[in-house]
Amino acid sequence: VMSSDSFLCICDVFFFQAEDGIRDAQESRGLGDVYKRQGQDGKVAHGGVCRKVMMYDLQSGASQQIGTHDLAVSSVQYCTQNVPQSLVMSGSWDGTVKIWDPRQSSGNPVKVEQLGAPVFDIDAQCSAPMATICMGRKVVLYNLSNLSIVKEHGVSSIIKFGNRCIRNAPDQSGFVVGSHEGRLGHHDLKANTNANASLPAVVFKAHNIEHSPTKFSMFQTN
């Protein structure tokens, strides 16, 4: 469970026909961390305002630091499928994305990408080897097979206050960006092949409350 209260909460979730779905909380640890992603091997990669990138074993309870950033870690992806080997991808407000080998604790990243602006979110969970890196006014497409940047794309001009979060289509056909102003934009990668160009998008208000035709409240998409 992601939180800003300095706790990493790991829940055992089951879905019953007549139950609320949450059975119990297995573990709660004060780590100063706010983001996590689980792989297929029973391990969790997480990071947060402590600037550390950590691995946590759900079976043994062992915790291991694999790296650090200069500023808060904003997003972590633990990729174990459709990649040459398991890897951890972390983004930070320091403007970098770092690739880590989860088997190593040396603190040396496999690769560092200097992007020059704070990273708000990364997604590769269901689309690997395609990954996307979400920044304020652009999205970077990344190939986890050869650890290289594919393209950089601007986003729709309808989104005024910048990107906040991103999720990829499992078939790698596009991605959806959530903005600070509560809008969602679906961007079709198959519709445009030009680098550094704004992709065609369907943008709509998802988290807005209209009080009148001229007054409404906007809520950040997380």
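Residues are numbered from 1 along each chain as its sequence is written. Since the model is predicted, local features need pLDDT of at least 70, side-chain atom pairs count only at pLDDT 80 or more, and totals for chains, interfaces and linings use all residues, while side-chain values use heavy atoms, with hydrogens and water left out.

**View A. An open sheet of 4 strands, in the order 11-12-13-14, with antiparallel pairing.** Strands here are DSSP runs of E, at least two residues long, numbered from the N terminus, and two of them pair if DSSP finds at least two bridges between them. At the edges sit strand 11 (119–123) and strand 14 (148–154), each pairing on one side only. On average, neighbouring strands of this sheet are turned by 20 degrees against each other, direction ignored.

**View B. Strands 12 and 13 side by side.** Residues 130–135 and 138–143 run antiparallel, joined by 5 bridges. Look for I133, which stands opposite V140 in strand 13.

**View C. The hairpin of strand 15 and strand 16.** These two pair in the antiparallel sense over 5 bridges, with 5 residues between them. In the turn, Q172 has a positive phi of about 65 degrees. C165 stands opposite G178 in strand 16. Strand 15 (residues 163–168) is mostly covered, with 5 of its 6 residues buried (under 20% relative accessible area, 1.4 Å probe, protein chains only).

**View D. C134 and the cysteine sulfur nearest to its own.** A disulfide would take a pair of cysteine sulfur atoms within 2.5 Å, and the count comes to 0. C134 is in none: the nearest cysteine sulfur, that of C165, is 6.8 Å away. C134 is buried, at 0% relative accessibility.

Technical notes. Axes fitted to C-alpha atoms, helices over the stretch in contact; angles between N-to-C directions. Buried < 20%, exposed > 50% of the residue type's maximum accessible area, 1.4 Å probe, protein only.
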